[in-house]
Structures are given as C-alpha cells and as structure tokens.
Amino acid sequence: MEKIKVLRTGYADISDLKPWGDNPRVVFDTDVEKLVRKIRKYGAYKPLVIDEDGLVLGGHARLKALGAIGEKTAWVSVVDAKTHAQRLFVAISDNDAIGATDPEKLMKLIGDMAPADLDDMTVDFGAHKSVEDILDEAGIGNEAPSDMADVSTIGKMILPFGNADYEKVLAVLEDVRNKEGKADHTEAVIWLLEQYAD
Amino acid sequence: MPIKITEIEKDIRPLSSLKEWVDNPRFATPEALKRLFGQIGMTGDELYKPLLALSDGTVIGGNQRLRVMREKGIKEAWVFQVDAGKELSRTDIVSIAQDDNGRAGAYVEESLRAQVIIADWEKDVRDLLHADTSLPVDMRAFLDGKAKDIAGDDRKADTDSTKEKMDTYQNGDQKQVVLFFMENERERIEMLFDGVKSRYEVDTNAEALLAICIDYAAANAK
C-alpha cells in the first residue's frame with residue numbers, strides 16, 4: 001500500500017461531508033448524546049479525518065454530534081487516501097487505541113472525583129484483536145493476497161425494523177444463536193429461512 | 001470532487017517543548033509502540049490529528065505518539081492546546097484525556113473482516129493495526145467496582161453485550177439487522193427469502209423475517 005499523505009487542516013461545511021459507506025463501525029445514539037455534551041462544554045478538540053472529497057474516515061459520531069448541535073462547519077484534517085486500503089487504514093488506525101489503561105493509576109486519578117464528574121467518561125482496558133486474528137477467524141489469515149481474490153466480494157443485506165419489531169426479531173435471533181450454536185445473526189437468519197421457506 | 005476547505009495553520013511545536021503527563025493512566029507494551037511506529041510511518045511520519053497539550057506543554061492526549069515520535073527522531077509535532085483561552089479543572093483534563101483514548105460506537109465484526117479482506121493489505125500492513133471489538137467500560141461502573149476484575153466475568157459480560165450491539169445498526173426510531181455473507185451465497189439467500197415471502201404472503205425480506213420470528217417465538221413458547 002502506498003503511504004498516505006497528510007494534506008491540510010481547516011474548516012469544511014458539514015453539508016459537504018459524507019459518512020463513509022464502508023465504515024465498519026456503528027454509531028450509538030447514546031455516544032452521540034455524550035459527544036454533544038462534551039463539545040458544548042469544551043468545543044471541538046479533535047478534527048474529523050476526511051479525504052479530499054469530504055468522505056469522513058474518522059469521526060462519524062462527532063459528525064453526528066456537530067449536526068445535532070446545529071454547527072454548520074467542522075474542523076477537519078484532510079488526508080490523501082484514494083484507495084479503499086488507504087481509507088480503511090486511516091479509519092482503523094484512528095480507532096486503534098495504542099496500549100491500555102492501568103486500573104490502579106486510573107483509580108488514583110479519579111478516586112477523589114465526584115461521581116457526577118465521571119458521567120460521559122469511558123475507559124478502555126485494551127481488549128484488542130489484531131487484524132491478523134480477525135482474518136484468522138475467517139480461516140484466511142495467512143494466505144497470500146492473490147488467494148483472497150475469490151472471497152473479496154462480500155454481500156450485505158439490510159433489514160429495517162421499527163423498534164418493537166426489532167426487539168422481537170432480535171430475541172428470536174439470539175435464541176436461535178444459543179440453541180442452534182450459530183455464530184452470528186446472519187447464520188441464525190439463514191437457519192430460520194431454511195426451516196420456514198416453502 | 002475535492003470539497004472546499006477554509007485552511008487554518010497547524011500549531012506546530014518542537015517536541016522539546018512538550019512533556020509526558022506524569023498522571024497518565026495509560027501504558028503501552030513495546031509491541032504496541034512498534035505498531036504505532038509503523039502507523040506513523042504510513043503517513044510519512046506526520047500526524048493526521050494533533051497531540052492534545054496544556055499550555056505548559058504537558059501532553060494529555062497522545063503520550064504514546066509523543067514517545068514514538070521522539071524515538072523516530074522527529075523534531076516537531078502538530079499540537080492542539082486544549083486550555084487556550086480557558087481554565088480547565090483537573091476533572092476537565094481527565095475528561096478530555098479519557099475522551100482522546102475513547103471511541104464512540106463499536107465495530108461490526110463481520111463488516112470489519114469483510115473490509116479488511118477487500119483492502120487486500122500485505123501482511124506488514126495488517127500487522128500494524130489492531131481493532132478493539134469490545135465496548136469501553138463506563139467510568140462510573142469502573143469506580144463502583146463493577147469493572148474490578150476486568151479480565152473476568154464482567155469483561156465477558158461487556159463483550160457479550162457488545163456482540164449484540166455490533167450486529168445491528170441504530171438509526172433513530174428505526175433499527176436494522178444487517179446480514180453479511182459471501183456474494184456467491186446471495187442467490188440462495190434471496191431464494192430462501194422468496195420462499196418465506198410466498199408462504200406468508202408478505203412483500204419484503206424484513207416482513208418475511210418478522211413473520212417467521214413471530215411463528216418461531218409462538219412455537220417455542222408452547
């Protein structure tokens with residue numbers, strides 16, 4: 001992979017910024033609410049990381065939080081990431097918290113703080129997986145890149161539900177996963193389809 | 001097409017003016033620092049997000065980057081002074097520092113795996129990246145002692161609840177179940193959905209899944 005150039009920093013119109021469709025992370029509403037409170041209190045102290053076309057590679061939750069606050073512009077850092085591999089590198093490295101937190105040192109730091117002051121703070125204890133492990137779980141960890149060509153097309157199907165229906169579906173999928181030993185929701189759905197299809 | 005950026009100047013400071021935060025509760029193993037060494041190298045030894053520093057030069061966000069940059073012999077770095085024009089309490093400083101290491105949201109592991117395959121990185125690039133597939137622990141829960149045994153059952157409980165969340169996208173009042181599969185399986189999955197839609201006389205795949213989930217739940221409640 002070619003190196004990624006860091007181009008410039010500045011302000012971009014939020015209306016020009018686009019969430020990256022291939023972002024492998026999900027954003028939870030509760031995290032956005034926390035970020036809204038933090039940005040209101042401290043201002044923005046981290047730029048969104050974007051490519052030249054305004055594709056957001058790092059900071060999807062902050063983009064949502066800025067939108068919720070009603071900001072029209074966002075502080076951005078622009079990188080020259082033209083390929084999928086470069087974009088994914090930036091996205092994963094942006095979330096790769098190097099190291100971990102020492103619980104004892106943390107306790108010393110926050111032990112005398114009022115509990116209310118700790119609201120909205122989280123802590124990471126370093127339960128990382130290497131990208132190699134993630135591939136190994138799919139049984140393709142050490143194969144040469146050329147051998148991956150035939151598995152490089154991953155299909156995705158999105159099934160939207162209202163909250164109440166979603167809860168019903170999720171409960172069944174969890175039940176199937178537990179009872180039938182299915183690894184994830186996709187496997188659980190396929191098992192169900194096989195049982196109920198005409 | 002490139003979007004318009006109103007450029008601002010980066011606050012570039014010599015590393016000699018910066019110092020590590022002595023109260024930093026974070027640590028990194030030599031292996032982790034080696035990864036960071038490589039990551040910074042991939043962006044030409046330049047940072048794409050600034051170190052967070054106080055006016056006295058104490059770095060409260062980016063201490064590991066500071067260490068690695070010194071090791072690399074880099075002389076200056078992009079800095080954002082978090083207390084410029086305002087006074088921050090110790091709580092504020094801790095909050096900003098924790099946030100710098102925090103992450104909003106979580107990985108959808110199947111999606112992450114798919115994207116990594118598509119990226120088709122050489123092994124030396126794959127070796128530079130780790131992904132945390134668990135959720136960060138709530139600080140209040142940590143203080144309450146719930147996260148006392150991080151390596152034990154509590155951590156597992158966190159991971160389990162993360163797994164549940166990772167299989168879904170949340171989008172306001174609507175939630176989504178997302179299926180990931182090899183593209184060459186799509187036809188078979190669509191055929192199975194068609195079979196269910198025909199049996200239950202519904203139009204969409206989501207309605208079909210809901211219908212069989214209702215039947216499954218009813219059958220298993222008996």
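Residues are numbered from 1 along each chain as its sequence is written, and chains are lettered from A in the order in which they are written. Because this is a predicted model, local features need pLDDT of at least 70 and side-chain atom pairs count only at pLDDT 80 or more, while totals for chains, interfaces and linings use all residues, and side-chain values use heavy atoms, with hydrogens and water left out.

Q: Why is helix 7 of chain A called mostly covered?
A: A residue is buried under 20% relative accessible area, exposed over 50% and partly exposed in between (1.4 Å probe, protein chains only). Nine of the twelve residues of helix 7 of chain A are buried, among them His185(A), Val189(A), Trp191(A) and Tyr196(A). Over chain A as a whole, 54% of the 198 residues count as buried.

Q: Why is helix 1 of chain A called roughly perpendicular to helix 2 of chain A?
A: Axes are lines fitted to C-alpha atoms, for helices over the stretch in contact, with angles from 0 to 180 degrees between N-to-C directions. The axes of helix 1 (29-42) and helix 2 (60-69) of chain A come within 8 Å and cross at roughly 65°. That makes the two helices roughly perpendicular, since angles under 35 degrees count as roughly parallel, over 145 as roughly antiparallel, 65 to 115 as roughly perpendicular and the rest as oblique.

Q: Which residues meet where helix 1 of chain A passes helix 2 of chain A?
A: With contact meaning heavy atoms within 4.5 Å, the residues of helix 1 of chain A that meet helix 2 of chain A include Val32(A), Leu35(A) and Ile39(A), and those on the helix 2 side include Ala61(A), Ala65(A) and Ile69(A).

Q: How do you know that strand 4 of chain A pairs with strand 6 and strand 5 of chain A?
A: Two strands pair if DSSP finds at least two bridges between them. Strand 4 (48-51) of chain A has four bridges to strand 6 (73-80) of chain A in the parallel sense, with Asp51(A) opposite Val79(A), and two bridges to strand 5 (55-58) of chain A in the antiparallel sense, where Val49(A) has Gly58(A) as its bridge partner. In the hairpin of strands 4 and 5 of chain A, three residues lie between the strands, and Gly54(A) takes a positive phi near 90°.

Q: What makes strand 2 and strand 3 of chain B edge strands?
A: The open sheet of five strands in chain B has the order 2-7-5-6-3, with mixed pairing. Strand 2 (12-14) and strand 3 (19-20) of chain B each pair on one side only; for strand 2 of chain B, the antiparallel pairing with strand 7 (76-81) of chain B runs over three bridges, with Ile12(B) opposite Trp78(B).
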